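Hi,

Here is the structure I promised to pass on. Have a look at it first, and then read my notes below.

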Amino acid sequence: KLSHPNVVKVYEVFETSSQILIIMERMYGGSLCSYAMRRDLICESHVANIVSQIVSALKYIHSVGLVHRDVKLENIMLMSRLNPASKSIGIVKLIDFGCSRTLYDGSNAESFVGSGYFAAPEIFLRLGHNNKADMWSVGVVTFVCLSGKFPFRDISGPVGPYVRGLGTKPHVKPTDWIGISKNALDFTRKL
């Protein structure tokens with residue numbers, strides 16, 4: 001059982017012949033995706049707080065040998081509803097470990113998992129992946145939260161946005177980053 005302040009608590013799991021039911025703590029604030037859709041952009045200080053908490057959750061799950069493999073806006077939940085004037089985003093938690101996998105001794109996973117624009121290129125190109133794939137996803141989450149856009153939205157072809165590992169650079173227009181610090185932009189690029 002996982003136990004970390006930024007990983008959703010699972011209380012019980014029931015399995016029927018056709019369903020798996022998971023009883024977990026209630027997240028009153030909804031998903032980060034819903035929160036982001038209600039706003040054009042999320043302020044940089046809130047994004048920094050969100051990313052810090054998700055990186056903390058990932059550091060923990062990676063330390064126990066688990067790779068999430070589906071970090072995306074829909075799988076980051078806000079613990080409580082936010083007052084629009086609030087100076088803090090509050091507690092966020094990582095949910096949905098349905099694609100997760102335990103990796104031992106530096107091994108790589110080969111399976112094709114993840115969600116569209118958030119998944120690392122090595123997953124879609126079937127090159128083998130490890131916990132670094134989760135950090136790629138954190139970079140995409142950060143980019144989307146700061147700019148309101150996906151980093152590889154203009155790429156076409158069979159692997160579409162998943163070709164960064166082949167030398168494609170993120171699509172960054174200066175107007176997407178007005179008011180965003182150089183540190184935030186550098187952080188996002190390095191992920």
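Let me start with a lysine: Lys93 counts as buried, at 5% relative accessibility (buried means under 20% relative accessible area, exposed over 50%, partly exposed in between, with a 1.4 Å probe and protein chains only). Before going on, note that this is a predicted model, where local features need pLDDT of at least 70 and side-chain atom pairs count only at pLDDT 80 or more, while totals for chains, interfaces and linings use all residues. Residues are numbered from 1 along each chain as its sequence is written, and side-chain values use heavy atoms, with hydrogens and water left out.

So what does Lys93 meet in a salt bridge? Its partner is the side chain of Glu25, at 2.9 Å from N to O (a salt bridge is a side-chain nitrogen of Lys or Arg within 4 Å of a carboxyl oxygen of Asp or Glu). Glu25 is buried too, at 8% relative accessibility. The two come from distant parts of the chain, 68 residues apart: Lys93 belongs to strand E6, and Glu25 to the loop between strand E2 (20–24) and strand E3 (30–31).

The structure holds 3 salt bridges. Another one joins Asp70 and Lys72, at 3.9 Å from N to O, and both of these residues are buried. Then there is Asp186 with Lys182, at 2.9 Å from N to O. Those two sit 4 residues apart in helix H5, so about one helical turn separates them. Here Lys182 is exposed, with a relative accessible area of 61%, and Asp186 is partly exposed at 24%.

Now the overall layout. The protein has 5 helices and 7 strands (DSSP runs numbered from the N terminus: helices are H or I with at least four residues, strands are E with at least two). From the N terminus on, the order is β-β-β-α-α-β-β-β-β-α-α-α. Of the 191 residues, 42% are buried.

On to the inside. The largest nonpolar core has 38 residues, and those touching the most other members are Leu32, Ile54, Val71, Leu73, Ile76 and Val141 (such a core is a set of buried Ala, Val, Leu, Ile, Met, Phe, Trp, Tyr and Cys residues joined through side-chain atoms within 4.5 Å). Which helix gives the most to this core? That is H4, with 9 residues.

H4 spans residues 132–147 and includes Phe143, which is buried at 4% relative accessible area.

Last, the cysteines. There are 0 disulfides (a disulfide is a pair of cysteine sulfur atoms within 2.5 Å). For Cys145, the closest cysteine sulfur is in Cys33, 9.5 Å away, which is too far for a bond.

Cheers
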